[in-house]
Amino acid sequence: MSAALRAQAIGRRRGVPPTLALSKGYMLAGPALIVMAAVFVYPLAYSFVMSFFQWDLSAGSNDFLGLANYTDAFGSPEFLQSLRNQVIFSGASLTTEVVAGMGVALLINGKLRGLRLARTLLLIPPMIAPSVIGLNFRWLFNEQYGLFDAILRNLHLPLIPWLSNPNWALVSVTIADVWQNTPLLVLLFLAGLQSLPQEPLEAASVDGASAWRTFWSIILPLLRPVMFIALMLRIIDTFRTFDVVWLMTQGGPGGATTLITVEAYLLAFQGVDFGHAAAVSYIALAMSLVLLSALYGVPWLLARWRRS
Amino acid sequence: MSDQALQRAGVSISFRVRRRLPIGLMARYAVLVVTIIITVFPLMWLLITSMRSSADLFAVPVHIIPTSVTAKQYISVFSQYRLSSYLWNTVIVSLTTVVCVTALALPCAYALARLRLPGGRVVLFLLLIMRMIPVVALAIPLFAVFSSFGMLDTLGALILTHTAAKMPVATWLLMGFIQDLPKEVEESAAVDGAGTLRTLVQIVSPMIAPGIGASAVITFLFTWNDFLIALTLTSSKNAQTLPVGLTNFVTQYGIDWGPMAAAGVMMIVPVLIFVWFAQGLLVKGLVTGAVRG
């Protein structure tokens with residue numbers, strides 16, 4: 001019986017008119033929805049309005065600017081730099097995490113001793129506060145007392161200006177993000193691999209398909225739903241990243257690691273330009289929405305196009 | 001060559017591959033070991049750092065093996081940096097948020113999963129969108145809103161914000177667990193005259209205890225770990241939390257790495273506890289949440 005039918009049936013049985021059975025649903029869901037509306041939806045609507053104004057928190061007067069905050073953003077070199085950083089950071093961390101996550105999952109999947117231990121340990125990095133990871137990597141990358149440079153020194157390799165060189169700083173931030181999030185993808189892919197049907201894999205091995213061929217033509221297509229989820233989660237989260245970067249570099253040196261969220265924070269709390277900051281944070285949201293709809297839309301369009 | 005011969009050739013190739021397996025197996029063990037080392041090493045380094053004396057920390061060249069072990073850095077977290085109030089704030093905010101989220105999200109999830117809710121699909125869609133919002137997009141207007149209510153720098157503002165912000169994931173997770181239950185039990189409870197609320201509290205809740213546990217653990221850890229909301233909404237010891245307290249170690253003279261590492265280890269302890277004792281719940285929560293999200 002469907003939920004709706006049953007709700008009506010319950011309503012009828014107890015002589016309650018259907019509208020009351022309906023309102024019962026909202027009585028249960030209501031408190032949660034009210035809290036979310038007040039503390040989540042309302043502030044977002046507020047900041048959407050704010051993004052069209054020259055918004056001054058202390059003075060009472062706010063001037064309507066229309067789209068100026070948005071157009072100004074695309075004209076400001078700081079924002080364009082943060083956009084570039086975001087694209088590089090999201091692209092690099094997404095690719096590395098998915099490829100490494102899949103590679104590791106494929107190789108350690110199966111009856112290996114120590115796999116249980118590895119699964120337990122892999123759960124740790126994704127659950128640790130990104131702020132702690134940011135500070136820890138700042139310490140590891142420290143150019144005087146840090147571990148990484150100490151290792152390079154012992155191996156007589158040239159030292160790397162991890163956090164002081166603008167290009168390396170973006171790499172270092174990406175390394176910290178990859179360290180934290182790849183384990184989650186490994187766990188996700190392992191779960192996916194373990195729920196694969198065995199027949200096609202056995203058939204492939206009987207037919208003598210190479211491991212590479214088996215991966216591309218059998219495992220990957222079967223894992224597509226899990227792959228989608230992994231990509232979706234990471235797209236959403238790379239566009240939300242703030243803590244790691246803020247504690248590693250505060251967006252520096254010279255704005256080299258300023259992601260869009262960092263730019264929005266700086267505009268609001270150092271530039272005290274809330275309208276502008278709100279516009280920038282909406283651009284970040286719009287970008288991840290566009291990517292997500294591409295993720296879902298492109299395969300859907302392809303399927304439609306092929307059918308017609 | 002006939003098809004059969006080809007097939008036989010294929011079989012013999014696969015046999016040859018199978019005979020070479022030990023090398024493959026060794027490579028896989030190597031990957032496993034390297035994965036474990038990469039996962040653990042940065043954390044071990046944090047732990048080692050937190051147990052060194054300051055003289056040992058700032059030695060050049062770096063001593064990879066510490067010369068002595070001390071609890072001095074942990075003591076200075078409390079004596080010199082007075083982080084106990086930060087720790088206390090973090091505990092209060094996280095625990096209260098877990099209670100509020102569970103109390104509100106459970107009935108909401110039940111209504112979405114089982115009752116007829118006009119506009120239910122819209123609500124579900126909004127919950128998904130809310131999961132995507134960058135925290136900074138929420139923190140900026142909340143700063144303005146809470147400042148107009150005079151609620152900046154209070155624990156109440158933090159708890160309220162976290163309750164709303166963690167609700168979408170918790171609701172989504174709990175809904176999945178409720179949908180997996182057989183409906184017959186609830187139907188017979190309804191026949192026996194149990195009201196919706198009683199069915200939820202006495203029958204459904206015990207059956208989805210693992211789901212409630214998973215959602216509570218995830219809510220706790222994500223609230224415990226939060227940095228950005230506390231950074232924007234608080235400004236003093238009244239309400240600042242431990243992750244914000246970490247920034248206190250960054251002074252104009254540089255970073256006091258010893259106590260910072262000690263505080264970092266303290267931040268990680270609850271994660272280790274939950275991973276050790278509630279690993280199943282966490283994986284279930286993360287994977288289920290992810291798979292359904």
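**Entry 1: an exposed serine**

I start with a cut-off: a residue is buried if 20 or more other C-beta atoms lie within 10 Å of its own, exposed if 12 or fewer, and partly exposed in between. I keep in mind that this is a predicted model. My test case is Ser195(A), which has 10 C-beta neighbours inside 10 Å and therefore counts as exposed. I found Ser195(A) in the loop between α9 (166-194) and α10 (198-206) of chain A. I also looked up how Ser195(A) sits relative to Ser51(A): they are 144 residues apart in sequence, and their C-alpha atoms are 46 Å apart in space.

**Entry 2: where the chains touch**

How many residues does each chain give to the contact? I read 83 residues from chain A and 82 residues from chain B. On the side of chain A that touches chain B, helix α2 (residues 18-50) of chain A gives the largest share, 19 residues. I sorted that side of chain A by class and got 64 nonpolar, 13 polar and six charged residues.

**Entry 3: the nonpolar core**

Next I turned to the largest nonpolar core, which has 162 residues. Which residues touch the most other members? From chain A I noted Ala264(A) and Val280(A), and from chain B I noted Ala105(B), Cys108(B), Ala109(B), Ile140(B) and Leu174(B). Helix α8 (residues 155-179) of chain B supplies the largest share of this core, 15 residues.

I then followed Ala264(A), leaving aside its neighbours within four places in sequence. Its contacts in chain A are Ala277(A), Val280(A), Ser281(A) and Ala284(A), and in chain B it reaches Val136(B) and Ile140(B).

**Entry 4: helix α15 of chain A**

Where is the kink in α15(A)? I found a kink of about 30° at Gly297(A), shortly before the proline Pro299(A).

**Entry 5: helix α14 of chain B**

I gave helix α14 (residues 257-277) of chain B the same kind of check. Its 21 residues should span 30 Å at 1.5 Å a residue, and its end C-alpha atoms are 30 Å apart, which agrees. I noted a bend of about 30° at Ile268(B), with a proline, Pro270(B), following within four residues. Why call α14(B) largely enclosed by the rest of the structure? Because 15 of its 21 residues are buried.

**Entry 6: chain B as a whole**

I counted up chain B: 15 helices and two strands. Of its 293 residues, 44% count as buried. Among contacts in chain B between residues at least 6 apart in sequence, 77% join residues at least 24 apart.

**Entry 7: domains**

The domain assignment of chain B gives domain 1 (3-75) and domain 2 (77-292). Their C-alpha centres are separated by 33 Å. Each of these two domains of chain B gives ten residues to the contact between them. On the domain 1 side, α2(B) gives the largest share, four residues. By class, I found five nonpolar, four polar and one charged residues on that side of domain 1 of chain B.

For chain A, the assignment gives domain 1 (1-28) and domain 2 (76-307). The C-alpha centres of these two domains of chain A lie 45 Å apart.

How values were computed. Residues are numbered from 1 along each chain as its sequence is written. Chains are lettered from A and ligands numbered from 1 in the order in which they are written. This is a predicted model: local features need pLDDT of at least 70, side-chain atom pairs count only at pLDDT 80 or more; totals for chains, interfaces and linings use all residues. Two residues are in contact if their C-beta atoms, placed from the backbone, lie within 7 Å. Ala, Val, Leu, Ile, Met, Phe, Trp, Tyr, Cys and Pro count as nonpolar, Asp, Glu, Lys and Arg as charged, and the others, Gly among them, as polar. The expected span of a helix is 1.5 Å times one less than its number of residues. The bend at a residue is the angle between axes fitted to the seven residues ending there and the seven starting there. Domain bounds come from an automatic or database domain assignment. A nonpolar core is a set of buried Ala, Val, Leu, Ile, Met, Phe, Trp, Tyr and Cys residues joined through C-beta atoms within 7 Å.
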